[in-house]
Amino acid sequence: MGMEPAELAHGLFRVLETGDPALAAEVVHEEFHNREAAVAPAACARPGPAGVLASGAWMRSAFTGLHFPVLATALGDEEVWVRLRMRGRHTGAFVRYRDGALDQAIPPTGREIDFEQIHVLGVRDGKVVRHEAVRDDVTMLGQLGVFPPAPPTALRMVAWRLTGRAARAAALVTAEAAEAAAALPAGTGTGR
(Lines give C-alpha, C1' and ligand atoms only; values in the text may rest on other atoms or scores of the structure.)
Protein backbone atom coordinates (compact mmCIF):
# COMPACT_ATOMS: atom_id res chain seq x y z
CA MET A 1 0.00 0.00 0.00
CA GLY A 2 1.33 3.50 0.80
CA MET A 3 3.56 4.91 3.48
CA GLU A 4 2.99 4.49 7.19
CA PRO A 5 1.78 7.67 8.99
CA ALA A 6 5.21 8.42 10.51
CA GLU A 7 6.80 8.06 7.05
CA LEU A 8 4.21 10.47 5.65
CA ALA A 9 5.22 13.01 8.30
CA HIS A 10 8.89 12.68 7.40
CA GLY A 11 7.94 12.98 3.72
CA LEU A 12 5.96 16.17 4.30
CA PHE A 13 8.92 17.89 5.96
CA ARG A 14 11.24 16.58 3.26
CA VAL A 15 8.99 18.32 0.70
CA LEU A 16 9.39 21.57 2.64
CA GLU A 17 13.18 21.11 2.65
CA THR A 18 13.54 20.19 -1.03
CA GLY A 19 10.48 21.35 -2.99
CA ASP A 20 10.18 17.90 -4.58
CA PRO A 21 6.86 17.94 -6.55
CA ALA A 22 6.76 14.15 -7.00
CA LEU A 23 7.17 13.56 -3.27
CA ALA A 24 4.52 16.22 -2.56
CA ALA A 25 2.07 14.38 -4.81
CA GLU A 26 2.93 11.11 -3.05
CA VAL A 27 2.46 12.28 0.56
CA VAL A 28 -0.02 15.19 0.42
CA HIS A 29 -3.76 14.64 -0.06
CA GLU A 30 -5.52 16.75 -2.71
CA GLU A 31 -7.76 18.15 0.05
CA PHE A 32 -4.79 19.11 2.27
CA HIS A 33 -5.41 22.20 4.42
CA ASN A 34 -2.64 24.13 6.19
CA ARG A 35 -4.03 26.00 9.19
CA GLU A 36 -0.72 27.85 9.53
CA ALA A 37 -0.84 29.52 6.10
CA ALA A 38 -2.24 32.79 7.49
CA VAL A 39 1.25 34.31 7.87
CA ALA A 40 2.49 33.05 4.49
CA PRO A 41 2.03 34.09 0.86
CA ALA A 42 -1.46 33.38 -0.52
CA ALA A 43 -0.27 30.39 -2.57
CA CYS A 44 0.59 28.59 0.69
CA ALA A 45 -3.14 28.41 1.50
CA ARG A 46 -3.92 26.50 -1.69
CA PRO A 47 -5.30 23.03 -1.06
CA GLY A 48 -3.32 19.92 -1.80
CA PRO A 49 0.34 19.47 -2.68
CA ALA A 50 0.45 22.91 -4.33
CA GLY A 51 0.11 24.68 -0.98
CA VAL A 52 2.88 22.58 0.58
CA LEU A 53 5.22 23.31 -2.35
CA ALA A 54 4.46 27.03 -1.99
CA SER A 55 5.14 26.88 1.76
CA GLY A 56 8.48 25.21 1.19
CA ALA A 57 9.50 27.80 -1.41
CA TRP A 58 8.54 30.61 0.99
CA MET A 59 10.66 29.18 3.82
CA ARG A 60 13.62 28.23 1.61
CA SER A 61 13.67 31.76 0.15
CA ALA A 62 14.57 33.01 3.64
CA PHE A 63 16.59 30.11 5.08
CA THR A 64 19.48 28.39 3.34
CA GLY A 65 20.03 24.79 4.37
CA LEU A 66 16.48 24.52 5.72
CA HIS A 67 16.21 21.29 7.66
CA PHE A 68 13.58 19.75 9.95
CA PRO A 69 15.19 17.01 12.05
CA VAL A 70 12.39 14.96 13.59
CA LEU A 71 12.87 14.32 17.31
CA ALA A 72 9.79 12.19 17.97
CA THR A 73 6.48 11.11 16.50
CA ALA A 74 3.31 9.88 18.17
CA LEU A 75 0.41 8.25 16.38
CA GLY A 76 -3.27 8.76 17.13
CA ASP A 77 -6.49 8.01 15.33
CA GLU A 78 -5.89 9.49 11.89
CA GLU A 79 -3.25 11.87 13.32
CA VAL A 80 0.51 12.05 13.60
CA TRP A 81 2.11 14.33 16.18
CA VAL A 82 5.62 15.40 15.22
CA ARG A 83 8.17 17.07 17.47
CA LEU A 84 11.03 18.53 15.46
CA ARG A 85 13.51 21.34 15.13
CA MET A 86 13.64 23.93 12.34
CA ARG A 87 17.19 24.77 11.33
CA GLY A 88 18.77 26.96 8.68
CA ARG A 89 20.73 30.14 7.99
CA HIS A 90 18.80 33.37 7.42
CA THR A 91 20.18 34.45 4.02
CA GLY A 92 17.06 35.90 2.36
CA ALA A 93 14.25 38.20 3.40
CA PHE A 94 11.89 36.45 5.82
CA VAL A 95 8.53 37.91 4.85
CA ARG A 96 5.47 37.43 7.04
CA TYR A 97 1.97 38.28 5.90
CA ARG A 98 -1.32 39.23 7.53
CA ASP A 99 -4.59 38.92 5.61
CA GLY A 100 -2.61 38.33 2.42
CA ALA A 101 -0.63 41.57 2.69
CA LEU A 102 2.93 42.34 3.82
CA ASP A 103 3.14 42.42 7.61
CA GLN A 104 6.86 42.21 8.25
CA ALA A 105 10.01 41.72 6.20
CA ILE A 106 13.13 40.76 8.11
CA PRO A 107 16.23 41.52 6.02
CA PRO A 108 18.82 38.72 5.87
CA THR A 109 20.91 38.58 9.03
CA GLY A 110 23.18 35.63 8.23
CA ARG A 111 22.21 34.17 11.60
CA GLU A 112 21.48 30.52 12.27
CA ILE A 113 18.05 29.49 13.48
CA ASP A 114 17.42 26.36 15.50
CA PHE A 115 14.20 26.05 17.45
CA GLU A 116 11.57 23.49 18.37
CA GLN A 117 8.11 22.95 16.91
CA ILE A 118 5.20 20.55 17.37
CA HIS A 119 3.09 19.67 14.32
CA VAL A 120 -0.22 17.83 14.21
CA LEU A 121 -0.91 16.16 10.88
CA GLY A 122 -4.24 14.67 9.89
CA VAL A 123 -3.95 11.54 7.77
CA ARG A 124 -6.60 10.18 5.41
CA ASP A 125 -6.46 7.77 2.48
CA GLY A 126 -2.74 7.20 3.06
CA LYS A 127 -1.79 10.87 2.74
CA VAL A 128 -1.46 14.00 4.89
CA VAL A 129 -4.71 15.98 4.72
CA ARG A 130 -4.32 18.60 7.49
CA HIS A 131 -1.55 20.56 9.23
CA GLU A 132 -1.49 22.54 12.46
CA ALA A 133 1.55 23.64 14.46
CA VAL A 134 2.74 24.99 17.75
CA ARG A 135 6.02 26.74 17.04
CA ASP A 136 8.41 28.61 19.27
CA ASP A 137 8.42 31.65 17.00
CA VAL A 138 9.59 33.91 19.86
CA THR A 139 12.83 31.92 20.03
CA MET A 140 13.25 32.14 16.24
CA LEU A 141 12.62 35.90 16.24
CA GLY A 142 15.11 36.24 19.10
CA GLN A 143 17.70 34.31 17.12
CA LEU A 144 17.14 36.74 14.23
CA GLY A 145 17.49 39.78 16.51
CA VAL A 146 13.85 40.86 16.04
CA PHE A 147 12.40 40.10 19.48
CA PRO A 148 13.45 41.77 21.60
CA PRO A 149 14.55 44.14 18.86
CA ALA A 150 18.30 44.41 18.36
CA PRO A 151 18.92 48.01 17.23
CA PRO A 152 20.79 47.09 14.01
CA THR A 153 18.05 44.65 12.94
CA ALA A 154 15.26 47.08 13.84
CA LEU A 155 16.93 49.90 11.89
CA ARG A 156 17.38 47.67 8.82
CA MET A 157 13.72 46.60 8.98
CA VAL A 158 12.57 50.25 9.15
CA ALA A 159 14.91 51.22 6.29
CA TRP A 160 13.61 48.33 4.19
CA ARG A 161 10.02 49.44 4.74
CA LEU A 162 10.74 53.12 4.01
CA THR A 163 12.74 52.43 0.85
CA GLY A 164 10.27 49.92 -0.55
CA ARG A 165 12.66 46.97 -0.27
CA ALA A 166 10.21 45.19 2.06
CA ALA A 167 7.41 45.48 -0.50
CA ARG A 168 9.72 44.31 -3.30
CA ALA A 169 10.87 41.35 -1.17
CA ALA A 170 7.23 40.45 -0.45
CA ALA A 171 6.36 40.60 -4.16
CA LEU A 172 9.32 38.37 -5.04
CA VAL A 173 8.53 35.82 -2.31
CA THR A 174 4.85 35.81 -3.32
CA ALA A 175 5.82 35.12 -6.95
CA GLU A 176 8.26 32.34 -5.96
CA ALA A 177 5.61 30.65 -3.81
CA ALA A 178 3.05 30.84 -6.64
CA GLU A 179 5.57 29.42 -9.11
CA ALA A 180 6.36 26.52 -6.75
CA ALA A 181 2.64 25.81 -6.33
CA ALA A 182 2.34 25.44 -10.10
CA ALA A 183 5.24 22.95 -10.30
CA LEU A 184 3.13 19.80 -9.90
CA PRO A 185 3.08 17.31 -12.74
CA ALA A 186 -0.23 17.29 -14.62
CA GLY A 187 -2.95 15.31 -12.89
CA THR A 188 -1.31 15.35 -9.43
CA GLY A 189 -3.20 17.58 -7.06
CA THR A 190 -4.20 21.19 -7.52
CA GLY A 191 -1.02 22.74 -8.92
CA ARG A 192 -2.28 24.29 -12.16
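In helix α5 of this predicted model, the buried residues are Thr153, Met157 and Trp160, where buried means under 20% relative accessible area, exposed over 50% and partly exposed in between, with a 1.4 Å probe and protein chains only. Seen down the axis of α5, these buried residues fall within an arc of 65 degrees, so they line one face of the helix; the arc is that of the directions from the helix axis to the C-beta atoms. An α-helix has 3.6 residues a turn, so residues three or four places apart point the same way. The other side of α5 holds the exposed residues Pro151, Pro152, Leu155 and Leu162. Cover for the buried residues of α5 includes β6 (101-106) and α6 (165-181), with contact meaning heavy atoms within 4.5 Å. Helices (H or I, at least four residues) and strands (E, at least two) are DSSP runs, numbered from the N terminus.

After α5 comes glycine 164, with a positive phi near 90 degrees.

Buried in α6 are Ala166, Ala169, Ala170, Val173, Ala177, Ala180 and Ala181. Viewed down the axis of α6, its buried residues fall within an arc of 105 degrees, so they too line one face of their helix. Arg168, Leu172 and Glu179 are exposed on the face turned away from that buried side. Among the elements that cover the buried residues of α6 are α3 (49-62), β5 (94-98), β6 and α5.

Turning to the strands, β7 (residues 112-124) and β8 pair in the antiparallel sense over 8 bridges, pairing being assigned if DSSP finds at least two bridges between two strands. Arginine 124 stands opposite lysine 127 in β8. The hairpin of β7 and β8 has 2 residues between the strands, and aspartate 125 takes a positive phi near 55 degrees there. Strand β8 (residues 127-135) is also joined to β1 (residues 28-34), in parallel, by 3 bridges; valine 28 has valine 128 as its bridge partner in β8.

Within β7 lies isoleucine 118, which is partly exposed at a relative accessible area of 28%. Isoleucine 118 touches Trp81, Val82, Arg83, Glu132, Ala133 and Val134, leaving aside residues up to four places away in sequence.

For the protein chain as a whole, the secondary structure comes to 6 helices and 8 strands, running α-α-β-α-β-β-β-β-β-β-β-α-α-α from the N terminus. Its radius of gyration is 16 Å, close to the 16 Å that the globule rule gives for 192 residues, so the chain is as compact as a globular protein of that length; the radius is taken over C-alpha atoms, and the rule is 2.2 Å times the number of residues to the power 0.38. Buried residues make up 46% of the 192 residues.

Residues are numbered from 1 along each chain as its sequence is written, and side-chain values use heavy atoms, with hydrogens and water left out. Local features need pLDDT of at least 70 and side-chain atom pairs count only at pLDDT 80 or more, whereas totals for chains, interfaces and linings use all residues.
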